[in-house]
Amino acid sequence: AGADAPAFQLARLDADPVPARVLSGEFEDRFKPGARKAVIREEADQPRWWRLTATSAVSRAGQPQLVVSSPYLTVIETWRPGEALPVRRALIGQGMDGLHAPRALVVPLPDGLRAGQSLYLRVDGRGASVPMRVAIQPEAEVHRADLVHVAWRSAVLVSLLVLAVLSLGFWIGIRERSYAYLMATLLAQVGYLATMGGELRVWPAAAEVFGTDPRTVRLFALLAIIAGNFFIGSYLELRTRQPRVQRILDGCSLAAAVLLAVTFALGARWVSLVGNVVVLVIAGTVVVATVRAIRQGFSTARLLLLSWLPLAVMVTLRVGELLGGWVNPPWMAHALPAAMAFSGLVVTIGLAEQLQQLRRDRDHASRMASYDALTGASSRPAIEEQLKTAVRDAHRLDRPLSVVFFDIDRFKQINDVHGHRIGDQCLRIIALRTRNRLRTYDQMGRYGGDELVVVLPDTEQHEALGVAENLRSAVNCRPLSMDGVVLEASLSIGVAQLQQGETAEQLLERADAALYASKAAGRDRVSGSTRITGTHKALPTKEVVS
Ligand SMILES: Nc1nc2c(ncn2[C@@H]2O[C@H](COP(=O)(O)OP(=O)(O)OP(=O)(O)O)[C@@H](O)[C@H]2O)c(=O)[nH]1
């Protein structure tokens with residue numbers, strides 16, 4: 001509430017004299033009003049002085065607090081009226097206060113302020129140049145905002161970490177590289193948020209090492225950019241689908257990598273400037289790339305766009321703020337991290353969706369390999385495999401097994417007279433009529449051009465001969481009609497029952513020989529293999545059931 005209508009004025013002194021001189025009033029005339037009413041933005045690399053003057057009285061009731069939001073690395077020393085020593089505040093290190101969430105620097109004003117009274121702030125922004133909102137709020141309000149802040153940050157950081165762990169799991173599980181890039185991006189984002197937001201101070205040792213060095217946050221930001229680029233490139237298959245866009249992203253990654261190198265050498269201000277421009281280029285490029293991918297019919301790009309748009313908007317708002325264009329509303333402090341978590345979540349869902357598609361494709365491919373597309377019967381390798389299994393079971397369980405092998409008579413002539421298309425339909429109808437006369441556990445496969453094999457488990461030769469006769473009459477008793485063409489067709493059939501010690505190949509060979517016997521005897525007939533010695537006998541029905 002205090003941020004809406006500040007009861008104070010801010011002014012800045014572009015110098016850093018010794019405190020006693022400032023407090024003595026020597027520089028009062030040289031303080032200039034700040035660019036914005038309730039915002040401190042310290043651009044200088046050296047500490048500068050800011051004066052906060054109450055325009056109306058701030059009552060001591062409710063324990064008023066001076067609140068400076070999103071300070072990042074800034075260290076502020078505050079001289080309260082009448083005090084010779086300052087109160088030092090920083091998110092990390094000396095001046096850290098254990099009472100408040102790291103969303104703001106908080107200085108108690110136990111006596112309130114009279115109208116016209118001033119606070120003097122020595123602001124050391126360490127060249128970070130982030131805009132900080134200033135407010136005077138009662139203690140209770142500060143605590144409420146702290147609680148909200150902690151809840152948000154915990155939710156976002158935990159989400160990002162959980163998604164990173166999930167990505168790690170997927171990466172290890174299926175060796176899909178996109179997940180490694182996603183994991184790296186998410187972890188870099190966590191690093192960025194924790195160093196930028198001050199959560200790092202939970203671990204004092206880490207806070208001392210990383211927390212007060214402006215290069216750490218740049219390091220994480222640049223790593224997030226590079227990993228994110230790799231992720232997007234691999235997710236959208238840009239290298240093959242949109243090579244030019246991929247080159248732009250590669251250029252951005254290269255720029256980020258160069259910045260990464262010089263940030264250690266220099267720590268210069270323009271590292272952030274160039275880095276932020278690179279971020280804007282990426283934000284725009286990725287929007288274009290996803291829209292194009294969607295146009296190309298790449299359906300999972302929709303999810304990427306959904307995940308990217310809020311992030312791109314938030315990042316643009318934030319970069320605009322850092323580049324000095326404007327000051328974002330306070331909720332932006334949560335919106336950017338939330339957009340990161342949302343984006344990570346949606347992208348993980350997108351990857352899972354891609355994974356499912358991959359599995360569907362694989363299932364489809366294996367179905368295609370085991371079925372003959374024209375007749376719907378098993379393919380040759382599949383029926384050979386099924387026959388082998390059936391033969392092994394028959395030997396092991398001492399059960400009978402028969403095969404029926406047939407060939408359409410003068411099929412070449414059907415093709416020649418009516419065309420290949422009618423020939424195809426003829427094959428399909430015969431396969432359908434065959435299938436309709438089999439038991440569910442009988443198996444049918446297409447062995448060659450117009451040759452089909454039927455495997456009949458638990459069937460002795462005499463029963464198989466009956467089945468074969470049935471199949472033969474199913475074709476020759478009723479002419480085949482298709483597309484206005486009606487034609488007569490017939491089958492030549494060979495039948496053989498498995499003998500003891502016989503292999504699947506030997507069994508098929510005998511059935512094939514019987515088939516040729518049928519052809520030789522004038523076609524349209526059934527022949528059984530004559531050599532029958534030592535077959536497996538069918539058991540009485542009761543025992544079959546058990
Ligand atoms: N329409 C169609 N024809 C096929 C297909 N596969 C093989 N054929 C043809 O089927 C014919 C098979 O001929 P054969 O089995 O050698 O001889 P046939 O004409 O059936 O004569 P017999 O078997 O001696 O009665 C060949 O002309 C092949 O081109 C197919 O998928 N579709």
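**Entry 1: strand 1 and its partners**

I began at Leu-13, which stands opposite Trp-49 in strand 4. This is a predicted model, and I read every entry below with that in mind. Next I looked up how the two strands run. Strand 1 covers residues 8–13 and strand 4 covers residues 48–54. They pair in the antiparallel sense, and I noted six bridges between them.

Strand 1 also pairs with strand 2, residues 32–33. That pairing is antiparallel as well, with two bridges. Here I found Arg-12 opposite Lys-32.

In what order do the four strands of the open sheet lie? I wrote down 3-10-5-8, with antiparallel pairing. Strand 3 (39–40) and strand 8 (104–108) are the edges, since I see each of them pairing on one side only. Strand 3 meets strand 10, residues 132–138, over two bridges in the antiparallel sense. Across that pairing, Ile-40 stands opposite Met-132.

A reminder to myself: strands of a sheet pair through backbone hydrogen bonds, in either a parallel or an antiparallel sense.

I checked the record next. The UniProt entry is unreviewed, and it places "transmembrane region" features at 150–172, 179–197, 217–236, 248–267, 273–291, 303–319 and 331–352. I compared two of these spans with the model. Residues 150–172 are 100% helix and 0% strand. Their end C-alpha atoms are 32 Å apart. Residues 217–236 come out at 95% helix and 0% strand. For that span I noted 28 Å between the end C-alpha atoms.

**Entry 2: the ligand**

Which residues are closest to the ligand? I listed Arg-410, Lys-412, Asn-415, Asp-424 and Arg-446, out of 17 residues that surround it. By class, I counted nine charged, four polar and four nonpolar residues in this shell.

Then I traced where the shell comes from. Strand 11 (401–408), helix 12 (411–418) and helix 13 (420–436) each give at least two residues. Helix 13 has the largest share, with four residues.

In Asp-424, an N or O atom of the side chain is 2.6 Å from a nitrogen atom of the ligand. Arg-410 uses its backbone: a polar atom there is 2.7 Å from a ligand oxygen. Asp-407 places a polar side-chain atom 3.0 Å from an oxygen atom of the ligand. On its own, the ligand has 650 Å² of accessible area, and the protein covers 67% of that.

**Entry 3: strands 12 and 13**

Arg-446 is among the residues closest to the ligand, and strand 12 spans 443–446. I followed the chain onward from there. A hairpin of four residues joins strand 12 to strand 13. The two strands run antiparallel, with four bridges between them. Gly-445 stands opposite Val-453 in strand 13.

**Entry 4: an aromatic pair**

I noted six aromatic pairs in the structure. I took one of them, Phe-405 with Tyr-447. Why is this pair edge-to-face? The ring centres are 5.3 Å apart and the planes stand at 75°, so the pair is edge-to-face; the cut-off for that class is over 60 degrees.

I then placed both residues. Phe-405 is in strand 11, and Tyr-447 is in the loop between strand 12 and strand 13 (451–457). The pair therefore ties together parts that are 42 residues apart in sequence. Strand 11 is also one of the elements that supply the shell around the ligand.

Conventions
Residues numbered from 1 in each chain as written. Predicted model: local features only at pLDDT ≥ 70, side-chain atom pairs only at ≥ 80, totals over all residues. Heavy atoms only, no water. UniProt positions renumbered as here; feature names shortened; annotations may be inferred. Near = heavy atom within 4 Å. Polar contact = N/O pair within 3.5 Å; in protein donor to acceptor, adjacent residues only side chain to side chain. Areas by Shrake-Rupley, 256 points an atom, 1.4 Å probe, with all protein chains shown as cover. Nonpolar A, V, L, I, M, F, W, Y, C, P; charged D, E, K, R; others polar. Pairing = 2+ DSSP bridges. Phe/Tyr/Trp six-rings, centres within 6.5 Å; stacked < 30°, edge-to-face > 60°.
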